[in-house]
Structure formats: structure tokens, C-alpha cells
Amino acid sequence: MNIIGKYENIVAKYPKIFLLVLVVITLFLAPNVAEFEFDAGDEDFQPDTEIAEANRMIREEYGEEGVQVNIISDAPDNVLSLDNLLMQVDLEENLTGNDMVEERLRKTSEAPTGVSSPARLIAQARFIRVANETFGGENERMPEDPYLMQEQDFDPDELAQQFTLKTDHLRKILEGGVLELEEIPDQLPPLEFDEFDAEEDLDDLYEGEFPLKDILPFLLSDDYDEEEDYGEGNFASKSITSVFIVEGLEDDELLDTEKEIQSIAEYVEEGSDTRTRFRVIGDALIDEEVNEASSGNIGILMPLAFVFVIVVLGIIYRNFTDTILNLIALIMAVIWTYGIGVLAGINLGNPMMTTVPILIIGLGIDYGIHFTSRYKEEIGKGKEVRDAMSKTGATVGFAILLTTVTTVVGFLSNLGSNISIIREFGVLCAIGIVSAFILMLTFFPATKTLIDSWRKKRGKELVKKKTSKRKKKDKKSFGQKFWNKIGEPETFCEADRDCVNNGLGLGAIAARTPVVVVVIVLLITSVAAYGGLQIEAEYSFTDFLPEGEEVTENINMFVDEFDFSEETVYILVEGDLTQPEVLRNVREAREEAMRSDFAVPARSTESVYDIGEEMNADGTFNDTESESWRKIVEDDDPTPEDVEIVYNAMMNKRREDTERVLKEDYTGMILRIPVDTQEEEKVEQTQEDMEEAAQVFDDDDLDRVIVTGGPIVSQSVFESINEGQIQTLAITFILALLILAGLYVYLGKGPLLGAVTLLPLVFVITWTFGAMYFFGIPLNPVTVTIAAIIVGIGIDFSIHLTQRFNEDTEEIPHPECALCVSASHTGSALFGSAATTIGGFGILSFAVIPPLAQFGQVSALSIFFAFIVAVFVSPTFLLVWYKFKYKNKK
């Protein structure tokens, strides 16, 4: 008797003690399950690479790009019509007039009120044009900065005064009339404006000094084409209003702010005579929607999965007690998994983790079906309860141990991934599988022993005896018709007839023609392999947005219909930054980076050189600082002390801006380059362009220069997915092969049997990836884990058949007959296991998060393929192996 048989013997001897221990553990872990919350975010999918690490460090030490809420104006007519522009002004007025929102607005030179919209841009352009027309000539001194209106006395001897156009100014400029700026008395006489008309006025504005043509198209939907003749309507159906929020808000404060912005947008929308609709897009709102959708969806899917399991188990077992005991064990396994996961600090809130309970149910019920079926078989042979438990443990229990070990190895192979959430997913799955193994081989035997012992003492029948209803119509039976056609082989036995009649044993019959089976399998595999080789990795956080939700519709509209980009690439420079040539090279790197086809000139770069230029131009530097700056720029024998003087001035006079690009100890700095990348090819080219720009620092004595940023990190996710898939498969196969080969050597069957047991999984994996290609299912951070699941579940099916075949060949002299016996007994259990697992994952295909639904679909497909291969292909390899091994011995 092996170790599992001995363990089951002890469980059957002391069932109450084991049940008490299990209940105590479950009660201890249960409170932890309620502690986790869903937390959607793309940080979990960032790989552990130097590029990703540098990106995380930049966000932590230099600050993020800032929080930005985008409001889409979705107009049934022209969003550039006067009414719609005035509606945008109303929106800005209500936003800046709200105390909470106004306090949290981030005002910059690009958005002096914290709000930027087409209405403000167009009004600013009109203001500059009319002022230039009114005061043209020698005294013309209009502001150079198009965002921060620097009103200057038109006498050159006067200093400039700054002001920002207010919403009532914007309204007057757009509606038409006389504009008087009371903030600057005697500086700027009234200006007269006509009513704005997009069709007539935009052409002239594009030709003015204000760079409207370079900015406005980014805020308009793609149905507005700047290359067309603007005189033909200047139509756009949608536009973007951006609201800039200060950094450093707590999560709940940010959510409250975005909800308030959403309420204000709804208020303005309701009060407007237009049919324009505002769609608010904010990170906190998105996270809340995703989390609510995920938790609500899993709250529906989990009960459905349990109901499905109950129905299927009821059909298989036809025994209420066995069904309930298996169900309780599954619930306890889920509690153990999540409870231990919380204690281990695993991030359970990611939507990807919602697949784990379904996986536990699928594998756990597989263990339960095999154990229960074999226990009933042993009881039917007349064994006592305790003896039947021991025999079941020694046979099926040992096979379950093997499947558990190999499945755990499969999932733990994800530890080789450099994406943290995939590693944690593998660990959590391993915890769940071990939990299901312990509970199915402890809770069920213990409770079943108590119940059946009690029933037997009262003289009740433990297993209903089957009465044969088969009528003796041998010549008309399906099995006999089959044999009449192909001719009964020499090794004919009653099991052969059962193989044919129940259908699940046909693989054992087909095994007698191995060449035919292999040819058919190879043909299918070659087609699948072609598809599998075409599949590519895809990743975008938008993929994890729930289907059918308004937030998803809004974001898809934002991504699909606008060229507006918030992407930024960083050039990180670390080392001694007081070297004058380093600061001077920042200018060259910036200029080279902005030559890229994917750089966005409408957005400003950020660097120490940009700050220095601004401070020098506006007179912020004193004489000493200005002289040091000149020496650096003109390469007039500057020294490290000159650089320190400039850096100190930046830190003292423009600290907030400087800390975004320069470390306080002057050992690190970044260049923030605005880019627009929407396709994999663009990202690759952008990275090449930025790395070329960073080469200007190659001759400097620096510690590190690296290009990173959101788009580049996302690209590294693609690479990690592809590399992780190959690595996971290789590790899983090698370890599983070593385990099985070593075990079968120990059992005296030889290492080749391990390979024979594992080989059919090659077909399953190939068929699965081929099906993914033909069904259009991409390889993403969720579906990439399918390799481990295929090996885990597929090897489970193969091991059960192999173990049963080994048992039956010890008692039956003919291997063909023994294979039919094995197929007849194991096939039904495998069918039940596959049906419940496919159903469980099939339910997951209704998840509102597309990658989770795809994961459910792929998992169901892979389990179906694993079942087909185990029942109809594996028997061929087992029979060939047996004849090869014993050709001279039996």
C-alpha cells in the first residue's frame, strides 16, 4: 500500500479528528476572504525589466504626468458651432466656480484656469488676432505665450502685466460685442468682435500668430481633417475638454473630485438647449466602474458555476449526499485559497484573479469524481468502508497525488514570468490546487466514512446494485454490428463490446490501428500548428474594461475617434549632472527627440534646459545666474560650479517645475517627451527615435541613460508575454517529465512511460493555440497562462488512464482487453470531470471583462481537447508502449 492508501486508512480510522482540524482551519481563514477588494490597474502587468523599473522610479521620484479628466462633447451637429462652444464655456465656468473642484485644479501655462477646451483656444486666437489688427504697427507687442496672456503696455518702457481671459471674456469674444478688460485700465482699449462662425472664421484664425492649427485638431474627432479646405464647413462631431487636477490627492479625494466634475457636466448638459452630451473620462471613475463590474459579475458567475456543478454532480452521482459533500469541499477549498492568499500578501483584487475559483472548482470536482467513482467501485466489490477507502487512496488517490504535483509544477512555472500578476496567479492557483487535493482526500473520506459506517450499522445498502436490462440481441446490438463489419480480433473480450457500446472506449479499439490514429492526429496538429504560429501577443489596459458599460463606450470613443495623446516618453539620465556638457546636451537630445514623426509638437517638452531657457528669457535669473547660463549655452569655458549655480537657481525659484525633471542632489534628471503612439510598429519606431536622441550622452561620464515611458513599457509587456509563454511551457514540460519518468522508474515501468503520458499534451497545446488563432482570441496576460492549465488538467486525464491501465494489465493477460477495461472505467469519470470543468470555464466566458471571457473560452476548449486526446489518442500510445516494453517478456 502506497503513502496515499496509508493516509486514507488513517483518515478512515480517525475521521472526527480530521474533520475537526479542517473546520478549525476553515474558520480561521474565512474572515480573511472578506478583506480583499477589486483593484483594477495596469501596474500589475508591468514586467520586472529595467525599462519598467525605471518607469516606476520616475513616477515615484519625479512625479507622474498629472491627473487629467477628459470630457468628450458629443454633438449631433457641429461641435464647433457657436452654441456648442458656448456650452463648453458654461462647463468651464461651472467647474472653476465649484469650490472643491477649483481648489484641486492644476493651473499651468497651457491651462491657466486648469481647464482647456476648443472654445478657450478659439477665443484666445480671436483675441490675439483682433488685438493685432487693432494695434498693429510699431507699437504692436502681443504676447508670445498663447496660453498665459501676457498683457503688455504698448509703450516699450512699461513692464508686462499678466492676465488670463475669464469665462465672461470668452463668451463675449465668441458671441460678439465689445470687450473691455477692466483688470488692465488704460492699457488696452475696448476690442470689438463679430459673432463667431466656424465656416467663415477658422481659416483666418489658422493663419494668425496663435498656433491654433497645431493644437485644435488634437482636440477634435477624426471626422475633422485639417488637411481639407476649411472653408467647406469646418465640421467636427466631437471635441475634448481637459480638466487638470493637482497631484498628491488620496484615492477617495480623487474619486470625489471626478464625481463632482461628472455631476457638473450633467448639470450643464441638462441646462443646455443643444442636444450635445458630455462624456466624462477619469482614471478614478474608470477604476470604480471596472471594480464594480468585476465584483458584480463574479457575484453572478460564481453561484452559476456552483449551480452547474450541483446539477452535473447530481446527474453523475445520483446521490444527494455525495453531491453535497463534494460541494462543501469545493467551497472550503475556495475559502482556503483566498484566505491563504490574503495572508501571503497576494494581490487578489486584480480581475485576473477572479478566474481562480472557477479553476479550483474544475480541478477539485475532477478529484472528487475520480475518488468517489473508485470508492463506489470498491464498495460494490464487497469491501468494508475502511478497506474501500484505503484501496481508493492507494489507486485513484495516488493518481490524484501525481496530477496535483504536476499541476502545481505547471502553475508554479509562472514564477519564471517577469510580470508580477502572472507570478501571483500561478502561486494562488497552486495554493488552490493543493487545498482542493487536501480537502477532497480528507474531508470527503472522513465524512463519507462516518456516514457510510452509520448506514451500514443500520443495515442500509451503501451502493445500489445495478440490474442488467440488456436484452440478448447480440446480432442487433451496436457493438456486434461493429464487430461484424471489422471482424472480431483474437483478443476479443466482453470489455471490447463495452468499449464500443458506451462510446468512450472507442479509443481503446482504435489503438489497434496505431498508424491510422497517428496520421489523423498529425494532420489535425499540422493545421493547428500553422494557426498557433500566427498568433501574436496583445495588451492594452482598455482590454480589461467591462463590455456593455458606458465607461467602456466612452473610452473606446476617446481612443478610436481622437488623435489626442497623453503619452509621454522619458529619457532618464543618471550620474554627475554638474558636467556642463551634460546640461548642454539636453538641448540637443530634446531637439533630436522632437524630430521624431511620433513626437507631439502641440505639447511642451519638460527638461532642465526648458526651465533654464524660460528663466533666462523672463529675467528670473540674476546677473550671476544669467552669466553662468550664458557660459553653459555658448560653451564659453563653463565649470561645474556654473552648472550648480543654475541648478540652485532653478530649485530656489522654480522648485515645483524643477523637481519634475531634476533630483535635488543633481544625480538624476529626465526629459519628458510628448508622443503619440497607437500601434506596435509606432512604439518600436518611437523607442528607436528616442534611443537615438539619447545617444548624445554617450560620450559623457554618466552612470546610466535609458529610454522608458508608458508606451515602451506596454511594448515590453508584449515581449514578456511571448517569452513567458515559451518559458512556462518549457519549464512545465521538463519538470513534469522528470517527475513522471522518475516515478515510473521507481514503480518499475521505466522512464518511457512518463514521456508516453506527457506526449499527448503536445497535441492539446497545439490544438488550443491553433483554435485561439482561428477563433480570433489573442494572447494576453490572462490567456498566456493557459499553457499551465493545459498541462495541469491535461496531464490529470492522462495520468488517470495510465494508472488504471497499469492496474488492469496486472490482472488481464491481453493488453488490448485490459485497455478496454481501463477506458470503460476511466472514460466515464473523465467525461464527468471534463463536463463539469468545461461548464465551469464556459460560464466564465460570460464575464464582462473581455480577457476573462476569452480565458474561459480558451480553457473550455483546452479541456475539451484534453478529454478527446485522453480518451481517443492516449490509448494508442499506451498500447504501443506496452507492446514495445513487454514484447519479449509476455
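Is E606 buried, partly exposed or exposed? I looked up its accessibility and found E606 partly exposed, with a relative accessible area of 26%; buried means under 20%, exposed over 50% and partly exposed in between, for a 1.4 Å probe and protein chains only.

I noted that this is a predicted model, in which local features need pLDDT of at least 70 and side-chain atom pairs count only at pLDDT 80 or more, while totals for chains, interfaces and linings use all residues. Residues are numbered from 1 along each chain as its sequence is written, and side-chain values use heavy atoms, with hydrogens and water left out.

Next I searched for salt bridges (a side-chain nitrogen of Lys or Arg within 4 Å of a carboxyl oxygen of Asp or Glu). The whole structure has 41 salt bridges.

I found E606 paired with R660, their closest N and O atoms being 3.0 Å apart. R660 lies in the loop between α26 (655-658) and β10 (668-674), and E606 in the loop between α22 (580-594) and α23 (608-617), so the pair ties together parts that are 54 residues apart in sequence. R660 counts as buried, at 14% relative accessibility.

I then turned to K448 and D452, a salt bridge with its closest N and O atoms 3.8 Å apart. Both residues belong to helix α16 (residues 443-457), where a spacing of four residues separates them by about one helical turn. Helices are DSSP runs of H or I, at least four residues long, and strands are runs of E of at least two, numbered from the N terminus. K448 is buried at 6%, and D452 is buried at 2%.
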